[in-house]
Amino acid sequence: MDDLALKQYLADSPPTVVNLAIKPHFEALNDREKKYAHYISRAALSGTRINLRQVSRESEAIYDFILTLHKSCNGDWKKLGSSAGFIGNTGNYKSFGDSKFIPRIPQDKVAALAKTNPEAEKLYNTFKDDLYESKNPARMHLGYPDKGHVSTYYPDSPDITTDEIEYTANLLKEKGLMPENTRMRKTPSGDYEVLVASAVTEPPTRDIKDTWFSLDGPYKGKSLRLVFGDHQVEMAKIARNLTEAKKYALNENEDQMQAEYIKAFHDGSMYAHKDSQRHWIKDKGPTVECNIGFIETYRDPHGIRGEWEGFAAMINKERTRAFGELVRSAPAQIPKLPWPAAFEKDKFLAPDFTSLEVLTFAGSGIPAGINIPNYDDIRQNEGFKNVSLGNVLSAAAPKEPIPFIRAEDQDVFDACKDPAFEVQVGLHELLGHGCGKLLQETEPGKFNFDIENPPLNPVTGQKVSSWYKPGETWGSVFGGMGPSYEECRAESVAMSLCPDYSILKIFGFGDGSEDINGKAGDVLYICYLSMARAGIAALQFWDPNSRKWGQAHMQARFAIMQVFLRAGGDFCALTHSNPNDLSDLRITLDRSKIPTHGKPAVDAFLQKLHVFKATADLAAAKQFYEDYTHVDEWFAQKVRPEVIRQAKPRKVFVQANTFLKGDDGEGVELREYEASPEGMIQSFVEREYI
């Protein structure tokens, strides 16, 4: 691998470490609320080793190496400072982008550090060949094993094929087993084992009766067996901590939610987890908010198996008020989107939309906003919640010029990027993920639309001829393409609605009048400019060897940038002075043409995205989306190297820990850490009590 190619895989030096400040919000809780938050936090963090195992085979050993080596530092933190990037990403692949990163510290120095502690040296010998390995470009990315990539969702199975994963996924769906809490292994005999996360080894009869299946078709003679007890130690800790949290539940919904969580993680029951979410969406405006489980499926190349995630947070009442007004106005906003009523839910299920201050967010990374649950039937028919993570949005990194932004735009960009992002997150989560109807045959012969007089497809002008069949879901039909496609749809909803000044007024910008040069106009301009910039920066997450996108959101933003560039009328362009030197590459975006060119282009794009999803038209969606996310040679060979050269480290967050205090454990102590690599490592060292 040449120097330019290797540069993108080097660890950030130094990483941008910021505090996830929480103290005033935690201290405002009463003793019962603190206990509830403490045990949820402890349960979430008990899954850290699950996260590590979901990244790479070497990640858990590297983690243990860092913690063990800490004992030999004698206070010389500089020896361990370069480990903060690994700790912050919970593994040696970036949480945002799924690409491997190589330590900048020379390998001989790491080997010398390992020799200071016999246990550390033993651990080092298990991963030393993997830590610096970069000869195989495919293995620098997470993905399907048969494409040469890395995926520990399919452990010890280097020869498992995409077809085998697809076949077994369909079998599990037919048998009614939900796959989010599973991994899958191909045995030396060619049979298959589905590993189910649970504290016990007996299957929950609630989920499935049989645990062994004979296969047919091309796999005739082979079998698939369910094996319970994956991550057994961690799942037991999680269940124990949530049993304690349940004692301090603040209402009946929380009590029942925790009871279902305990069943989900102790027994390995995804149906119990699904029921936990039904109680969760009913728990409106809680003082302590939480969610926990195998949630997002971005890192599984097949898009069906979830990454461990859990958070405990406090509501920011002031910020939440604006979101409450947006929720109340949603029935008036959704009809402004570019599709007929037949493609929208009959009734908007008003969610709980809150701004949270995060105490703990366990996982490989922390998002700025969340819309869950991801279960289609609950979201479509029962409801969902949106949360904006306030202290994630406000966590400040050092101020410096932003790549690809013109000098004349820097001041307004700096002043408005955080407000614009809050608008984008709010619209993305509430109205983006929260809107839209899937046309379904809910059971044989029953439909959620008029099958005798199907609605007209606004894209084709013909009557709808495709829909979701019984047992099919959005995820099962769209598979691995689904997460990025849905993020693109949600981002496009935000771009479609943010030019509405009445919506900007809800967020506190302007008086509702259309003034492109006023404060609201500045926020609108930066909403669009930020999206265009994100589309360029996205190229860092595209691999030229596999020609594969490594991050769902960034693929989506690249597509929307292409929408802007194709809008015509000189609305958006990438400018530079020398075709052979793009060091001065800048985005030129005409703010006056957002309503005349930008928004109409977004609406036309969004209509197709939405209708293809609503009608289960995978073939049309795939052709359409691949066109907008295709990276041509100019972007690949000219723009991408400049993106890598100017790339800024992503933020990693130092989170607080909580501890029971006093001999009787009646109080809860909050301990925060400095925003530095040393503080990051110390926070992980001290949470090993869980």
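This is a predicted model: local features need pLDDT of at least 70, side-chain atom pairs count only at pLDDT 80 or more; totals for chains, interfaces and linings use all residues.
The buried residues of helix 7, which runs over residues 107-114, are Val110, Leu113 and Ala114; they cover an arc of only 105° around the axis, which puts them on the same side of helix 7, the arc being that of the directions from the helix axis to the C-beta atoms. Helices here are DSSP runs of H or I with at least four residues, strands are runs of E with at least two, and both are numbered from the N terminus. Helix 5 (59-70) and helix 8 (118-131) are among what covers those buried residues of helix 7, with contact meaning heavy atoms within 4.5 Å.

Residues are numbered from 1 along each chain as its sequence is written, and side-chain values use heavy atoms, with hydrogens and water left out.

Let me turn to the annotated site. The unreviewed UniProt entry places the feature "binding site" at His428, His433 and Glu487; positions are in the numbering used here, feature names are shortened, and annotations may be inferred rather than shown by experiment. These residues span 60 residues in sequence, yet no two of their C-alpha atoms are more than 8.4 Å apart, so they gather at one spot. Histidine 428 sits in helix 16, residues 410-432, and counts as buried because its relative accessibility is 6%. Glutamate 487 belongs to helix 18, residues 482-497, and is likewise counted as buried, at 5%. Their side chains are joined by a polar contact of 3.0 Å, that is, a pair of N or O atoms within 3.5 Å, of which, within protein, one must be able to donate a hydrogen and the other to accept it, residues adjacent in sequence counting only if both atoms are side-chain atoms. Beyond four places in sequence, glutamate 487 also touches Tyr298, His433, His553 and Ala556.

Finally, the largest nonpolar core has 100 residues, of which Tyr528, Phe564 and Leu589 touch the most other members; such a core is a set of buried Ala, Val, Leu, Ile, Met, Phe, Trp, Tyr and Cys residues joined through side-chain atoms within 4.5 Å. Helix 20, residues 519-537, gives the most to this core, with 12 residues.

Technical notes: Buried means under 20% relative accessible area, exposed over 50%, partly exposed in between (1.4 Å probe, protein chains only).
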